[in-house]
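Subject: Structure handover and notes

Hello,

Here is the structure we discussed, with the sequence. My notes come after it.

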Amino acid sequence: MNETELKPEVKKREAELKESKDLLRLVLDNSTDCIQVLEAIRDTGNNIMDFRWALINKAAEKVLKENVVGQNILAFNPNLIPSGTFDKFAKVTNSGEILEFEVNSQWQGTDYWYHNTVVKLNDGIMLTSANIKKKKKTEHEIRQAKEFIEKVTTTNPDLISINDAKTGVLLYTNDPSFWNRFNKPYEAVKNLNDIKRAELMVHPDYLEKAKIFVQQRRLLSDGETLETELKMLTGAWIRSRSKIFQRDKNGEASQILSISTDITISKNTEIKLQKSKETLHAALMQFQTLVSNTPDVITRWNKNLKL
């Protein structure tokens, strides 16, 4: 094939190559991840002394604030050495292993969180950096919320518990020592269903009431709360309030949240007050009976000796 015949073939190959390059550039520049290709710069002893940018996409250029292709990375960012990032790049280049790591950095006044994936490419690397700042912010907010909830639940004097709505087994409690007040260690009751726990702990006079309560709370609507007061075998009193905490995909109650308060002191005071009222009422009734049955005239005088 002579030169004249080769020209159309060469032009065709050049067009195909350009099309491939354009497609590659289009793919790279439409990626939201920062993509950088770095070539190793070696000394006479074949040691990697630096890297040079061979290619970056639009996302990387936006972060770096300029097109850095052709520049050496250590001249641009010398902090890569003390941070250990440069050694990671060199290790991947020499070993061929794939490396993934997260990094938090400040660049030109902006805080960045990236998940970096480093792979060997010829005598260098391709670095893909995914922005995970929102993910890290969400993780931080979740961690703060969890810590706040833990502080609230561990300092709350009430018992906060979550039961499996179907089996009645305890799934969570904020204070396992709460059960010791009723002479039943947590280990002895945590795997029992709610009916069995009631039979072990509730006074016989209130056992049926307790059983009705644990059955009815499974039927609550969202937002509804069911409350009861129960006397325990130890003589202590508790007030329990329950509501549906979670439902399954079919809308059935799957978890029940309960808050139980030790009301022994206030309940005993209430009982004593009620007994005093009953005693006073009985005394008044006896007095009225005595007055209505006596033939004598009973009068009441004020301090001025007037009727």
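What follows is a summary of what was found, going from the overall picture to single contacts.

Please keep in mind that this is a predicted model. The protein has 307 residues, of which 30% count as buried. Its secondary structure comes to 9 helices and 10 strands. Among contacts between residues at least 6 apart in sequence, 42% join residues at least 24 apart.

Cores

The largest nonpolar core contains 27 residues. Inside this core, the residues with the most contacts are F51, W53, I73, F89 and V118. The strands that give two or more residues to this core are β1 (34-42), β2 (48-56), β3 (99-107), β4 (110-120) and β5 (124-131). The helices that do so are α2 (58-64), α3 (73-76) and α4 (85-95). Leaving aside residues up to four places away in sequence, F89 touches L38, F51, I73, F101, V118, I125 and L127. A second core is separate and has 16 residues, including Y186, M201, A210 and A236.

Helix α4

The buried residues of α4 are T85, F86, F89, A90, V92 and T93. Viewed down the helix axis, the buried residues of α4 fall within an arc of 160 degrees, so they line one face of the helix. D87 and N94 are exposed, on the other side of α4. After α4 comes G96, with a positive phi near 85 degrees.

K88 lies over the face of F101, 4.0 Å from the ring centre.

Helix α7

In α7 (residues 194-201), the buried residues are D194, I195, R197, A198 and M201. Seen down the axis of α7, these fall within an arc of 160 degrees, so they too line one face of their helix.

Aromatic pairs

There are 6 aromatic pairs in the structure. In one of them, Y112 and Y114, the ring centres are 5.6 Å apart and the planes are at 15 degrees, so the pair is stacked. Y112 counts as buried at 11% relative accessibility, and Y114 is buried with a relative accessible area of 9%.

Y206 and W237 form an edge-to-face pair, at 5.2 Å centre to centre and with 80 degrees between the planes. Y206 lies in helix α8 and W237 in strand β9 (residues 237-247), so the pair ties together parts that are 31 residues apart in sequence. Are the two partners buried or exposed? Y206 counts as partly exposed, at 23% relative accessibility, while W237 is buried, with a relative accessible area of 5%. W237 has a further contact: the charged end of K267 sits over its ring, 5.0 Å from the centre.

From β2 to α2

N57 is in the loop between β2 and α2. With a relative accessible area of 0%, N57 is buried. The side chain of N57 reaches the backbone nitrogen of I35 at 3.0 Å.

K62 lies in helix α2. K62 is exposed, with a relative accessible area of 71%. The C-alpha atoms of K62 and C34 are separated by 8.9 Å, and the two residues are 28 apart along the chain.

Regards

Key
Residues are numbered from 1 along each chain as its sequence is written. This is a predicted model: local features need pLDDT of at least 70, side-chain atom pairs count only at pLDDT 80 or more; totals for chains, interfaces and linings use all residues. Side-chain values use heavy atoms; hydrogens and water are left out. Buried means under 20% relative accessible area, exposed over 50%, partly exposed in between (1.4 Å probe, protein chains only). Helices (H or I, at least four residues) and strands (E, at least two) are DSSP runs, numbered from the N terminus. The arc is that of the directions from the helix axis to the C-beta atoms. A nonpolar core is a set of buried Ala, Val, Leu, Ile, Met, Phe, Trp, Tyr and Cys residues joined through side-chain atoms within 4.5 Å. Contact means heavy atoms within 4.5 Å. Rings of Phe, Tyr and Trp (its six-membered ring) pair if their centres lie within 6.5 Å; planes under 30 degrees apart count as stacked, over 60 as edge-to-face and the rest as tilted. A charge sits over a ring if NZ of Lys or CZ of Arg is within 6 Å of the ring centre and within 35 degrees of the ring normal. A polar contact is a pair of N or O atoms within 3.5 Å; within protein, one must be able to donate a hydrogen and the other to accept it, and residues adjacent in sequence count only if both atoms are side-chain atoms.
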